[in-house]
Amino acid sequence: MKTILIVDDEKPIRDIYRKTLMASCSSLFNILEAGNAWDAAQLMITKKVDLILLDIRMQGRGGEKLYDVIRKCDMNIKIIVISVYPIEQQREMIPEAYDYHDKSQGFLILMEKILRSFDGQENTKTD
């Protein structure tokens, strides 16, 4: 079973992602969540994480700093940046992520990106 870590400082956003993933794919994924970069780093130390849904703008250390830590810890973790920033701006801020998601695109598009990340399909970085 694959593990997804949701990192977003807005609890309602984490709740929506967790509940929707659990309702639609509970047999496929373990879902973890963190409200800040420190908690996310602690989870990565104790749990094997396959995919991170990473918000950029968070209180304290933001997603950009956490991305650097993730890359130093495990290059195999796929990261989908999730943000209110436009996708082009996300790419500028974190250029090496697996994919990018504008929160206004909705959950179905995010779900497609999540499933594609585990499919082994080549990433097309859809907008």
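1. Buried here means under 20% relative accessible area, as computed with a 1.4 Å probe on protein chains only. On that count, 48% of the 127 residues of the chain are buried. Please keep in mind that this is a predicted model.

2. The chain holds five helices and five strands. Along the sequence they follow the pattern β-α-β-α-β-α-β-α-β-α. Of the contacts between residues at least 6 apart in sequence, 62% join residues at least 24 apart.

3. The five strands form an open sheet in the order S2-S1-S3-S4-S5, and the pairing is parallel. Its edge strands are S2 (29-34) and S5, each of which pairs on one side only. On average, neighbouring strands of the sheet are turned by 20 degrees against each other, with direction ignored.

4. Helix H1 (residues 11-25) lies across S1 (2-7), S2, S4 and S5, and runs at about 175 degrees to S2. Helix H5 (residues 107-119) packs on the sheet and touches S1, S2, S3, S4 and S5. The direction of H5 makes about 170 degrees with that of S5.

5. The largest nonpolar core has 25 residues. Which of them touch the most other members? They are Leu5, Val7, Met44, Ile52, Leu54, Leu66 and Ile79. At least two residues of this core come from each of S1, S2, helix H2 (37-46), S3, helix H3 (63-73) and S4. H2 gives the most, with five residues.

6. Methionine 44 is one of the residues named for that core. Leaving out residues up to four places away in sequence, methionine 44 touches Leu5, Val49, Ile52, Leu66, Ile70 and Ile77. There is also a second, separate core of 17 residues, which includes Leu21, Ile80, Ile82 and Tyr98.

7. Finally, threonine 20, which is found in helix H1. Why is threonine 20 classed as partly exposed? Its relative accessible area is 28%, and partly exposed covers the range between the buried limit of 20% and the exposed limit of 50%, so the residue falls in that class. A polar atom of the threonine 20 side chain lies 2.7 Å from the backbone oxygen of isoleucine 16. Threonine 20 and leucine 108 are 88 residues apart in sequence, with a C-alpha to C-alpha distance of 9.8 Å.

Definitions and conventions:
Residues are numbered from 1 along each chain as its sequence is written. This is a predicted model: local features need pLDDT of at least 70, side-chain atom pairs count only at pLDDT 80 or more; totals for chains, interfaces and linings use all residues. Side-chain values use heavy atoms; hydrogens and water are left out. Two strands pair if DSSP finds at least two bridges between them. Helices (H or I, at least four residues) and strands (E, at least two) are DSSP runs, numbered from the N terminus. Axes are lines fitted to C-alpha atoms, for helices over the stretch in contact, and angles run from 0 to 180 degrees between N-to-C directions. Contact means heavy atoms within 4.5 Å. A nonpolar core is a set of buried Ala, Val, Leu, Ile, Met, Phe, Trp, Tyr and Cys residues joined through side-chain atoms within 4.5 Å. A polar contact is a pair of N or O atoms within 3.5 Å; within protein, one must be able to donate a hydrogen and the other to accept it, and residues adjacent in sequence count only if both atoms are side-chain atoms.
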